[in-house]
Amino acid sequence: MTLLRLDNVGKSYGGVVALRGLSFAIAPGEIVGLMGANGAGKTTAFSLIAGTQRPSSGEIWFEGTRIDGKPAYAAARMGIARTFQIVRPFGGLRVLDNLVVAALYGHERKHARSVAQDRARQILDEVGLSRDVLRPAATLTLAGQKRLEIARALATGPRLLLLDEVLAGLTATEVVEALEMIRAVHGRRNLTLIVIEHVMRALTQLCGRIVVLHHGEKIAEGSPSEILGDQRVIDAYLGAKLR
Amino acid sequence: MRRRHIALLAAPVVAVGLCAMLPLMLDPYGLGIALNLLTWIALAESWAMFSGLSGYISLGHAVFYGAGAYVTVLLWQVVPLWLAIPLSGLAAGLLALALGWPCLRVRGPYFVILTLGVSEFVKYIVISSEAALGRNGRLLIGTPSLAVLFESMLAVAIISMIVLYVVRSSRLGAGLLAIREDEVAAEAVGVNAAALKLVTFTLSALIPGVVGGLMILRSTYFEPLQAFNPTTSFTIVTIAILGGSDEVAGPFLGAVLLVLISELLWVRAPEVYMIILGVLLIGFVLFVPEGLLGRAQRLLTPAKS
Amino acid sequence: MDLSVLFSAQLLASVLVLASLYALVAIGLNLVYGTMRLLNVAHGELVMLGGYAAYWAFAQWGISPLLAALAGMVIAAGIGGLIYVAVVRRLFRSPNLLARIESNSLLVFFGISIIVQNITALAFTANSRGYSYLDDVIEIGGARIAANRLATLAVAGATCLACALFFRYARSGMAMRAIIQHRDAAALVGIDVDRVNVQVFALGFALAALAGALISMSQQISPFMGFPFTVSGFVIIILGGLGNLTGSIIGSLILAAVEVYGVTLMSPSFRSILVYGVFIAALLLRPQGLLGRSIRAR
């Protein structure tokens, strides 16, 4: 049973080829990592799945429906949520209201504001932002805003969550806390994750499977230990064998 | 609990009742001022519903006012007034739908200058078509009394405030505020920005259309340069900036301030009035961007960290 | 309708004159947009002011508009610098205002244009004014053209050329181009962006005022004549591409041609409809022209 399937997906901008012939499938409940150097096409892949952009070629299937070319809001409504590499909070709104909007419009469309607010508070509790509920989102620290980004995506009630470098810029302790939170969030729900990360430790600890991109193409796919030992991956990205 | 509800409702109801009796208390001049105040309230509250909440500033809202006026004039004595006025509002709404469909695809600031251009464009089309019809202005004879117009406008202004309140606290309002903050992020959480913008834009045109129709009955003379005057758009925006465009009380405050200023200055020197408005607009954008209401709210709640 | 009329030297001359004026307006607008991403909707008012300056100098003291234009340019440059320092800079310096600088600057410029229009109307009344200068008609190559329009073409054309050289060889000019291409990088290599911004406003306003002075020789002026020039200016920078100064010249030619030929084919009363119609079409069909470089103010 496949949740998400990419079939020979390509994306070009004018003359630049960002992705070429990308194919992989994800089963429900998996945590899959997406790895590669900057410019390898990872965020582009996210944009195509989440509907922010449309592929130049290929097909994307989600839960048996073709979704390539569907706009971002449609993908969100179907159950695909994402975070942005550079956080995009609704700065002028309160932290709570950031999630309320997501709950009102997302996959699990709550129609009553009070229900949406309850859901929002619940999630904010989960990610550790319950003390900041009524603050304007712009006043949070970067770590706080990253949690908010994840919380907001969760508030849509997604089936598939795309996390784009949520650990970037965090201190070592913050990384550990974040990983715990992500694992807990995943464990508590019927949720599938795709994670883009550069922090190798996170990828290997979190993911059951990793897909490696290089210059827009998939060069390897497998379990963390397989990937770490893969010569192509080492040459392209790791530089040396990691222990 | 119920007693408190009744008490809370009593105050506005009494206030409205008092307003409704103004025609008995004021002379025609005073009533005219009150009518103007209601007009600006209705226009600014409707504008705020779209531009204030979504952040897409329309600098051409006069086009809906003018369209409403034009339709009322065209339907004059063709259709009874109680039908013509709502139809004018509807016509303005349809115009908004037609204009919004292409125009709302344009991003933020370009939408703003586009609205300026569209308003002028429609103005010149109406001028040309009137000229082609051989009409040099249209005169209406036998329009309703000032008191009737006043009561109608009172109802319209109240409706405009209720509508803004309802929209702002609704799911639609939440979506619009998200769009205002970050449209791309809003789309990512499931907000169909294009649809929300179009619906709200259309809604925000209905009341200006009705207001345009009522006011043309007041002035009894239709002339495209006046009906589609960009000054109307400018005044609406200035009111919203002065008073604050986020909540119902904002445009209300702004309108009151504006009418005060205009009464002190308009009769003597219309150009000076416009210059002062311009200075106020710039001053408020730079120094009091949240408007009088926002500033008052900030001053009254120092406890928030 | 005899279509061979379209190819007359007469119309061609009209197109060139109009294009040269539009080019002056567009370059100034393009500079402000290119360097600061601000849509100056008050730009047309500077054209109007230039026209009034020339009118007044001629009506009061009999000074030639061509000379008055120089004074007008200096005054306009001063106004431009002042507006930048007193108003625009505040928008950049306050984080709150910077976050929504596109809307805020639009409102501010809108306010400025209302103020300028009404000050002029107060000083000169709202009626249109005109004067005659260099009215005699000259014949060149089959086209009969008024001397003042010929002078317009000559002065405007020479100024555009001077601008081209300025942007190519002068330090300030190159700095402006650098900022247009990449604002942050320009600051990093040591360009004093703030100082260049002042110069941009000064130069842009001076060019607009020059256009106004030239126009006043052959056309009536009124306090509210400015906005159509702002609109035309935007059309040109959309068509020609942001920050692309050669593009502005080409865009000016295209727009002038559309206007002159359009009015000839239809009628003068449709001129406004044509101008605004093209504006709307340009914004709807080629918003990418301005959207290509988006800024996220955070």
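In this predicted model, 20 residues of chain A are in contact with 15 residues of chain B, contact meaning C-beta atoms, placed from the backbone, within 7 Å. Helices H2 (72-78) and H3 (95-105) of chain A are the elements that give two or more residues to the side of chain A that touches chain B; H3(A) gives the most, with five residues. Helices here are DSSP runs of H or I with at least four residues, numbered from the N terminus. By class, this side of chain A has 11 nonpolar, five polar and four charged residues, where Ala, Val, Leu, Ile, Met, Phe, Trp, Tyr, Cys and Pro count as nonpolar, Asp, Glu, Lys and Arg as charged, and the others, Gly among them, as polar.

Residues are numbered from 1 along each chain as its sequence is written, chains are lettered from A and ligands numbered from 1 in the order in which they are written. Because the model is predicted, local features need pLDDT of at least 70 and side-chain atom pairs count only at pLDDT 80 or more, whereas totals for chains, interfaces and linings use all residues.

In chain C, helix H1 (residues 9-36) and helix H9 (residues 193-218) pack with their axes 8 Å apart, at an angle of about 165 degrees, the axes being lines fitted to C-alpha atoms over the stretch in contact and the angle running from 0 to 180 degrees between N-to-C directions. H1(C) and H9(C) are therefore roughly antiparallel, a term for angles over 145 degrees. Their contact comprises 19 nonpolar, four polar and no charged residues. Apart from neighbours within four places in sequence, Ala211(C) is in contact with residues including Leu21(C), Leu24(C) and Val25(C).

Technical notes:
Two residues are in contact if their C-beta atoms, placed from the backbone, lie within 7 Å. Angles under 35 degrees count as roughly parallel, over 145 as roughly antiparallel, 65 to 115 as roughly perpendicular and the rest as oblique.
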